[in-house]
Amino acid sequence: MARPSEFLTGVERTFGEDEIIVSKTDARGIITYANEVFLRVAQYTEAEIIGQPHNCIRHPAMPRCVFKLLWDTVQAGKEIFAYVVNRAKSGDHYWVFAHVTPTFGPHGEITGYHSNRRYPDRDIVTKIEGIYQLLLDEEKKYPQCKEQMAASTAVLMNLLKSQGMSYMEFIFSLCSDSDGKHADEASLKQSEALCANA
Ligand SMILES: Cc1cc2nc3c(=O)[nH]c(=O)nc-3n(C[C@H](O)[C@H](O)[C@H](O)COP(=O)(O)O)c2cc1C
């Protein structure tokens, strides 16, 4: 499947607060599994999405540095939480709070990745939209992807430095500022485990 056009409708899609959008990829980021919620919200059939690179749902409002951080983190064998806006097939968009983890083989090697996405708190999305806009504005100053990535990464790192926080601390500080939804990492993981076993 070719990368979808960048046509955007401006219409936001939603999903239930008790639902989790799940996808799994191989070690290169090629989608190997998508649950029913993923297919419904992203508006793809299983046949269309399996075997596609995960950037097939990339939205142009996502700064490059967020995906660099995502890949650097999971390839290092660690997990990451991130706010992501995705583009559905029709050009609609949907915000998620994603938890991406590496999957390990019997000898400790990374065999793929797994992403669980929940419906995000609106107040946090508003804050994140502002931050992502700053990062995108920085990227727009440069013609090449590599320069754009370096520039927005530098802005993000400076922001974290000024707050005296790691990326994960920053993400969870946003969560605890709000009404308590997604308030801590442990309760999030617990609810993911419950959903996986349901
Ligand atoms: C498990 C997993 C889940 C991912 N989920 C998304 C996603 O929901 N949306 C997205 O745009 N990229 C996602 N990515 C990142 C993409 O692989 C890719 O880095 C990103 O879309 C940027 O694409 P680009 O380099 O073509 O700009 C995911 C990667 C992995 C490993």
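Helices (H or I, at least four residues) and strands (E, at least two) are taken here as DSSP runs, numbered from the N terminus. The structure is a predicted model, in which local features need a pLDDT of at least 70 and side-chain atom pairs count only at pLDDT 80 or more, while totals for chains, interfaces and linings use all residues. Residues are numbered from 1 along each chain as its sequence is written.

The protein chain contains 7 helices and 5 strands, which follow one another from the N terminus in the order β-β-α-α-α-β-β-β-α-α-α-α. Of its 198 residues, 26% count as buried, a residue being buried if 20 or more other C-beta atoms, placed from the backbone, lie within 10 Å of its own, exposed if 12 or fewer do, and partly exposed in between. Two residues are in contact if their C-beta atoms, placed from the backbone, lie within 7 Å; among contacts between residues at least 6 apart in sequence, 52% join residues at least 24 apart.

Beyond its neighbours within four places in sequence, Leu70 is in contact with Ile80, Ala82 and Val100.

Around the ligand there are 17 residues, among which His54, Asn55, Arg58, Tyr113 and Ser115 come nearest; a residue is near a molecule if its C-beta atom, placed from the backbone, lies within 6 Å of it. At least two residues of this shell are supplied by each of strand S1 (21–26), helix H3 (64–75), strand S3 (80–87) and strand S5 (110–118), and H3 provides the largest share, 4 residues.

Helix H5 (residues 145–163) has 19 residues and, at 1.5 Å a residue, should span 27 Å, which agrees with the 27 Å between its end C-alpha atoms; the expected span is 1.5 Å times one less than the number of residues. Its buried residues are Gln148, Ala151, Ser152, Thr153 and Leu156, and what covers them includes H3 and H4. H5 is followed by Gly164, whose phi is positive, near 65°. Gln43, although not a glycine, also has a positive phi, of about 65°, and lies in the loop between H1 and helix H2 (46–49). Gln43 counts as partly exposed because it has 17 C-beta neighbours inside 10 Å.
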